[in-house]
Amino acid sequence: MLDHELDLVFRALGDRTRRALVERLVRGPASVSELAEPLTMSLAAVMQHLQVLESAGIVRSEKVGRVRTCRIEPEVLRAGEHWLGRQRTAWESRLDRLGDFLAEPPGTSEGTTS
């Protein structure tokens, strides 16, 4: 996934309402009306949030008759998860090295002369 695509994913997930929509869609496809039902906003506002999620590639929708059904695109979420996992691994490694350094008795670290 390209950096600008990853930017779109994280920007889309930066909003509480959009995260709630994604959490609901992880359980399975839903119509826009079903997605809007528990939210305290207009159907038009929900549609705007869904458009942001679709632009980021997180959600795909299709219209059959008068019903628009949305579903999650798991590969896009996996790409974000993969990026986060790489960051977590790098930070865990750095923290392990820091822990090792702090556990050394004074005067035994490299570069110290007596």
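Modeller: Histidine 49 sits in helix H4; helices (H or I, at least four residues) and strands (E, at least two) are DSSP runs, numbered from the N terminus. Bear in mind that this is a predicted model, where local features need pLDDT of at least 70 and side-chain atom pairs count only at pLDDT 80 or more, while totals for chains, interfaces and linings use all residues. Residues are numbered from 1 along each chain as its sequence is written, and side-chain values use heavy atoms, with hydrogens and water left out.

Colleague: OK. Is histidine 49 buried or exposed?

Modeller: Buried, with a relative accessible area of 14%. The cut-offs are under 20% relative accessible area for buried and over 50% for exposed, with partly exposed in between (1.4 Å probe, protein chains only).

Colleague: What does histidine 49 touch?

Modeller: Leaving out residues up to four places away in sequence, histidine 49 touches Asp15, Thr17, Arg18, Leu21 and Met41. Contact here means heavy atoms within 4.5 Å. With arginine 18 there is also a side-chain to side-chain polar contact of 3.1 Å. For that term we need a pair of N or O atoms within 3.5 Å; within protein, one must be able to donate a hydrogen and the other to accept it, and residues adjacent in sequence count only if both atoms are side-chain atoms.

Colleague: Which other residues of H4 are buried?

Modeller: Besides His49, they are Ala45, Val46, Leu50 and Leu53. They cover an arc of only 140° around the axis, so they are on the same side of H4; the arc is taken from the directions from the helix axis to the C-beta atoms. On the face turned away from that buried side, H4 carries the exposed residues Ala44, Gln48 and Ser55.

Colleague: And what do the buried ones pack against?

Modeller: Helix H1 (3–13), H2, helix H3 (32–36), S2 and S3.

Colleague: How does the length of H4 check out?

Modeller: It agrees: H4 has 13 residues (43–55), which should span 18 Å at 1.5 Å a residue, and its end C-alpha atoms are 18 Å apart. The expected span is 1.5 Å times one less than the number of residues. Glycine 57 follows H4 and has a positive phi, near 85°.

Colleague: Let's switch to H2. Which residues are buried there?

Modeller: Thr17, Arg18, Leu21, Val22 and Leu25. They sit on the same side of H2, because they cover an arc of only 140° around the axis. The exposed residues Arg16, Glu23 and Val26 are on the face turned away from the buried side.

Colleague: What caps the N-terminal end of H2?

Modeller: Aspartate 15 does, with a side-chain oxygen 2.9 Å from the backbone nitrogen of threonine 17. After H2 comes glycine 28, whose phi is positive, near 145°.

Colleague: Now the sheet. In what order do the strands come?

Modeller: S1-S3-S2, an open sheet with antiparallel pairing. The edge strands are S1 (30–31) and S2 (59–64), each pairing on one side only. Two strands pair if DSSP finds at least two bridges between them. S1 and S3 (residues 67–72) have two bridges, with alanine 30 opposite cysteine 70.

Colleague: How many bridges join S2 to S3?

Modeller: Six. One of the pairings is valine 59 with isoleucine 72 in S3. S2 and S3 make a hairpin with two residues between them, and glycine 65 in the turn has a positive phi of about 65°.
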